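Dear colleague,

Please find the structure below, together with a summary of what was found in it.

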Amino acid sequence: MKRVFSGVQPTGNIHIGNYLGALKQFVELQEDGDCIYCIVDMHSITLPQDPKELKTSILDVAALYMAIGLDPNKCTIFIQSDVSGHAELAWILMCNSYTGELSRMTQFKQKSKDEASAPAGLFTYPVLMAADILLYDTDIVPVGNDQKQHIELTRDIAQRINNTYGETFVVPDGRFLKEGARIMALDDPTVKMSKSSKNIHSRISLLDSPNKIKKSIMRSTTDSEGSIRFDASEKPGISNLLTIYSAFSGRRIEDLETEYSSAGYGAFKKDLVDVVCEELLPIQERFHEIRPSQELLNALKDGAERAENIAEKTMKRVKMRFGLGL
Ligand code: TYM
């Protein structure tokens, strides 16, 4: 059975980019993988967070994991900071990473450009991500395209340590979807949909009301040509909407182009609102049932115990390879 590991940051509301690029894969993979899904709260504090809001967001993400269909009887769900091995391994990996390779990470460049003085954690963030993955002998990491560079770095660090200290880590592979691996912002389809954009209509969050979903889609940026066809460079807005439609409905983009060949953007967008609401509303119903439940807290407690068990074994092996401790 393949070991699968992935994580989501508990900052801001999870949006359909996260859902289509990563979370949908999580659900599919739990059927035949040994899956571990983490709420990566330690990654969130690379930039300042309000402690109360962070606590709430952690439980929101956990409840959303379950609301989209992750079953704690089939997979492990836990909070990163409950297992100390993540930070411990990150230090060891940091000592085997180079400032040059970390400086090349595009996400660091983007996130640090608005900071007067970037925290060191923002710079070493990808190494903590490598630690998350390597701690569990992970084979497969389901993520969106924006994480590709971080997965490459994880592989490089694992191979470097295996070559120097002997077989220590499993070298993981990223798993990216064809449709949904990079959902673009609704107000500017040349940048990815993100939790941090100031414009709430740039994204659809999983807990948005039908009214908000409608507003965001109806006012999304398209073009003046008026024909519904996929052309990512010439028609990025409508291509992004086609991708979203296809990923939600499971229908091929070519079939959607044929169906809507004589329709206007308004009619197409209206149908897209229905497709998105149809999938998100039942998720929201389940979310509101699960969020206040004891079942959620039990799942996180059991998940942390199981994760800790695996992490402890890896840390013993790593320390032995490096000659650390007694
Ligand atoms: P995060 O929290 O930013 O995003 C969670 C997941 O959503 C994907 N994603 C997208 N996919 C498609 N289109 C988009 N617009 C879009 N935006 C985000 C991300 O690729 C990700 O899969 N560093 C990670 C969290 C992390 C992690 C890990 C992931 C920490 N440790 C170990 C995997 C394994 C991040 O910030 O994801």
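The area buried between domain 1 and domain 2 is about 1,400 Å², where buried area is the accessible area (1.4 Å probe) that two parts lose on being put together, summed over both. Carbon and sulfur atoms give 72% of this area. On the side of domain 1, Ile 16, Ala 67 and Glu 179 supply 37% of the area buried against domain 2, more than any other three residues.

Please note that this is a predicted model, in which local features need pLDDT of at least 70 and side-chain atom pairs count only at pLDDT 80 or more, while totals for chains, interfaces and linings use all residues. Residues are numbered from 1 along each chain as its sequence is written, and side-chain values use heavy atoms, with hydrogens and water left out.

Domain 1 comprises 3-181 + 294-322 and domain 2 comprises 200-287; these bounds come from an automatic or database domain assignment. The centres of the two domains, taken over C-alpha atoms, are 30 Å apart. In contact (heavy atoms within 4.5 Å) are 15 residues of domain 1 and 16 residues of domain 2.

Six residue pairs are in polar contact between the domains, both residues being at pLDDT 80 or more. A polar contact is a pair of N or O atoms within 3.5 Å; within protein, one must be able to donate a hydrogen and the other to accept it, and residues adjacent in sequence count only if both atoms are side-chain atoms. Helix H1 (16-29) and helix H3 (51-67) are the elements that give two or more residues to the side of domain 1 that touches domain 2; helices are DSSP runs (H or I, at least four residues), numbered from the N terminus. The largest share of that side, five residues, comes from H1.

The structure holds 19 salt bridges, each a side-chain nitrogen of Lys or Arg within 4 Å of a carboxyl oxygen of Asp or Glu. The count between domain 1 and domain 2 is one. Lys 24 lies in helix H1 and Glu 279 in helix H12 (residues 265-290), so the pair ties together parts that are 255 residues apart in sequence.

As to the ligand, a backbone N or O atom of Gly 144 lies 2.9 Å from one of its oxygen atoms. A polar side-chain atom of Lys 195 lies 3.0 Å from an oxygen atom of the ligand.

Yours sincerely
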